[in-house]
Amino acid sequence: MSGVLCTLVIAELAQGRPSKLTCELLGLARNLAGTTGGAVAAALLASHTDGIASELIAHGADRVYAIEHPMFGSYHSESWVGAAAQICKDAAPGAVLIGHTVSGADLAPRLAFRLGTAVAMGCEGVSFVADKLAFTRPCFGGNARQTVSFKTAPAVATVRAGCYDAPAPDRERRGEVTPLEQPLGEEALRVKVIERRRDADDGARLEEAAIVVAGGRGLNGPEGFRLLERLAATLGAAVGASRVPCDLGWCPRSWQIGLTGRTVQPDLYIAVGISGAGHHMAGCGGAKAIVAVNTDREAAIFKDARFGVVGDYRQFVPALIEEVRKLLGD
Amino acid sequence: MRIVVCVKQVPDPEAAFSMFRIDEQAKKVIPAPGLQLVMSPFDEQAVEAALRIRERHPEAKIAVISMGPETSRNAIKHGLAMGADEGVLLSDAAFEDADSYSTACTLARAIVKLGGCDLVLTGRQAADWDAGVVGAGVGELLGLPVITFAKDVQVENGIVRVERVLDDGAEIVEASLPALVTVSNELGAARTPNLRETMRAARKPITVWKAADLGLGANEAGAAGARCVIERLFAPVKNNRCEFVAGSVREQAAGLVERLREAKLI
């Protein structure tokens, strides 16, 4: 895999615009293009592509393969796999980058097998060393990292949110748009969506928040999250959780941070009653600073934390809210 | 109705990671001697999903299938003790050091050799490599509709109805059988085998197949069939310099706010 390498980014939309993660992937693809001399392509599957293709170009795409069809109003596994595979035939990319979201984690393995190639899931780093693409990802519950390369092309990968900077959009950038036809008719879809339900939007805010307050098993019940919500409101933060409280129904599933949940990279991550198991840290280890509040001084979370408080959160968090209010002159 | 559940045996993921050693030379994670090997938890939930379906469809037969070393027989036995009907162990030196691609090829071939099935269930990802690829891969190779991240799986009149987890909610989807579904932790806890089922399980059949039994060529299984190469395996770097804020609760709160303000974090 030497010389010119085309990197294809499969765009995901949020509120009708390329998502932040998609822009980050375009930034990563531009880095790779800088090293390899290759081009950056984007796949745009949407019910309306107007104005979005130019956004992708402004963020770094040289060419946008656009398929406009009502079917792409939201993610549907079969139609996306079929369309992405067709675009890969046209674009002949060396690498395909997909955001590590629930949709991306569904799409990437299927697309890879459809193309007869392998896939690296949930990557934190992608580099081009010695003429080879190398993908680094957490494994073993976040306790280890592996770097993999591919024997087959294209290399398909999902990349976690916040690992790369989204370049500032350049509206002067020029690129080409290649419209394509949707390869599958609606009647060809074997999996039918009967019903979709959206939780309150709290989850979506997590990736964007500068401060995240997260609770774990140590909260000992759903009431703890009410306290964390008060702290978050005082700080202008978003609220997240480790897996156990979500499994126990103490908070919405969309709050889950970790290997099987969201990845956040805030400036400040306040972990309350979270032991710091590898699978949770895989979702928040990229925070600039972690504050850990835990009754157990030996908890693993303190190994990752910059500041630690040993104590009962039920006393500490209200005191912290009061101190923050004082500071903010409230 | 025939249900096949693909399971993997892994070193107990609940064990502290200090029980593991990363061998950077061999690019392997080595569990401490004596560390328990268990069925990967999401796969256990896939077996649970199959058993719940059989509660409504008593005629359903559940096969548990695993590719791995001879010890994987114990993961299959666990599935049988939970209530599955039969086991298939795919064990051969030729399967060693497989990646997700060659693992999926081997499992898919075994499912075909079983005579196919109505429903394939797998966990969303295995608790060792955390990739979440094999399930969808088996579905692609078998040309089945694939539904990922299930929190509820029901079968009625030849149709599988799945509630699946989304980033910001959930959706209900349906597909005609045969189909493949990967199961997520939201399904809820898997049952613990009781003594009676464990005793019965001892009499349930476990078939063992090797690469040749599956008609797999030299380049299709294990390391030879892999399409990924592990270049490095290492431990993430930890800064390990936590500053503990001491004092009374009030002093701790004031001290933390002071430090966060100094660090311009708030």
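In helix 4 of chain A, the residues A:Pro109, A:Arg110, A:Phe113 and A:Arg114 meet B:Ala136, B:Gly137, B:Glu140 and B:Leu141 in helix 4 of chain B. Contact here means C-beta atoms, placed from the backbone, within 7 Å; helices are DSSP runs (H or I, at least four residues) numbered from the N terminus. By class, this contact has 4 nonpolar, 1 polar and 3 charged residues, where Ala, Val, Leu, Ile, Met, Phe, Trp, Tyr, Cys and Pro count as nonpolar, Asp, Glu, Lys and Arg as charged, and the others, Gly among them, as polar.

This is a predicted model: local features need pLDDT of at least 70 and side-chain atom pairs pLDDT 80 or more, while totals for chains, interfaces and linings use all residues. Residues are numbered from 1 along each chain as its sequence is written, with chains lettered from A and ligands numbered from 1 in the order in which they are written.

On to the cores, meaning sets of buried Ala, Val, Leu, Ile, Met, Phe, Trp, Tyr and Cys residues joined through C-beta atoms within 7 Å. Buried takes 20 or more other C-beta atoms within 10 Å, exposed 12 or fewer, and partly exposed falls in between.

| Core | Residues | Among its members |
|---|---|---|
| Largest nonpolar core | 152 residues | A:Leu44, A:Ala157, B:Val5, B:Val181 |
| Another core, apart from it | 57 residues | A:Val213, A:Trp255, A:Leu259, A:Val293 |

Finally, A:Ser54 sits in helix 2 (residues 52-58) of chain A and is partly exposed, because 17 other C-beta atoms lie within 10 Å.

Terms used: Contact = placed C-beta atoms within 7 Å. Helix = DSSP H or I, 4+ residues; strand = E, 2+ residues; numbered from the N terminus.
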